[in-house]
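Please look over the sequence and the structure shown here before reading on.

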Amino acid sequence: MPFVNIRILEGHSQKRKDEISRRVTEAISEVAELPKDAIWVVFEDVTKGDWFVGGKVASKPKLP
């Protein structure tokens with residue numbers, strides 16, 4: 001069974017995570033020809049102080 005671990009900068013809404021999970025699950029299900037209930041998706045919210053981009057600490061998530 002596929003296990004997808006998504007690390008994401010804290011601050012994203014549950015609605016956004018739900019949509020990401022749905023799309024990832026659908027894509028894997030289609031390509032791997034697996035039932036959706038065989039695919040696990042886990043989110044890990046990473047604090048801003050623990051996320052670095054280009055050697056600098058991230059200040060905030062880039063949300064639309």
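## Basis of the model

This is a predicted model, in which local features need pLDDT of at least 70 and side-chain atom pairs count only at pLDDT 80 or more, while totals for chains, interfaces and linings use all residues. Residues are numbered from 1 along each chain as its sequence is written, and side-chain values use heavy atoms, with hydrogens and water left out.

## Fold

The chain has 1 helix and 4 strands. Helices (H or I, at least four residues) and strands (E, at least two) are DSSP runs, numbered from the N terminus. In sequence order the pattern is β-α-β-β-β. The radius of gyration of the chain is 14 Å, well over the 11 Å that the globule rule gives for 64 residues, so the chain is more spread out than a compact globule. That radius is taken over C-alpha atoms, and the globule rule is 2.2 Å times the number of residues to the power 0.38. Along the principal axes, the C-alpha atoms fill a box of roughly 40 × 20 × 15 Å.

Strand β1 (residues 3–9) pairs with strand β2 (residues 40–46) in the parallel sense over 7 bridges; two strands pair if DSSP finds at least two bridges between them. Within this pairing, I6 stands opposite F43 in β2. Together with helix α1 (residues 14–32), β1 and β2 make a right-handed β-α-β unit. Right-handed means that, with the strands pointing away from the viewer, the path from the first strand over the helix to the second runs clockwise.

## Surface and contacts

The accessible surface of the chain comes to about 5,000 Å², and 55% of it belongs to carbon and sulfur atoms. Accessible areas come from the Shrake-Rupley method with a 1.4 Å probe; for residues, only the protein chains shown count as cover. Of the 64 residues in the chain, 20% are buried. Buried means under 20% relative accessible area, exposed over 50%, and partly exposed in between (1.4 Å probe, protein chains only).

Among the contacts in the chain with a separation of 6 or more, 64% are between residues 24 or more positions apart. Contact means heavy atoms within 4.5 Å.

## Residues of the helix and a loop

T25 lies in helix α1 and counts as buried at 11% relative accessibility. Leaving aside neighbours within four places in sequence, T25 is in contact with K36, I39 and V41. S29, also placed in helix α1, is buried at 14% relative accessibility. With residues up to four places away not counted, S29 touches L34, P35, K36 and I39. I28 is in helix α1 as well, but counts as partly exposed at 22%. Beyond four places in sequence, the contacts of I28 are P2, V4, E33 and I39.

W51 sits in the loop between β2 and β3 (52–53). Its relative accessible area of 27% makes W51 partly exposed. Neighbours within four places aside, W51 is in contact with R7, I8, L9, V46, K56, V57 and A58. Between W51 and V4, which are 47 residues apart in sequence, the C-alpha distance is 20 Å.

## Salt bridges

How many salt bridges does a search of the whole structure find? The search finds 6. A salt bridge is a side-chain nitrogen of Lys or Arg within 4 Å of a carboxyl oxygen of Asp or Glu. One of them joins E44 and R7, with the closest N and O atoms 3.7 Å apart. E44 lies in strand β2 and R7 in strand β1, so this pair ties together parts that are 37 residues apart in sequence. E44 is partly exposed at 32% relative accessible area, and R7 is exposed at 57%.

K17 and D45 meet in another salt bridge (2.7 Å, N to O). Here K17 lies in helix α1 and D45 in strand β2, so the pair ties together parts that are 28 residues apart in sequence. K17 is buried, with a relative accessible area of 10%, whereas D45 is partly exposed at 44%. The side chains of E26 and K36 also form a salt bridge (3.3 Å, N to O). This pair links E26 in helix α1 with K36 in the loop between α1 and β2, 10 residues apart. Both belong to a network of salt bridges that links E19, R22, R23, E26 and K36.
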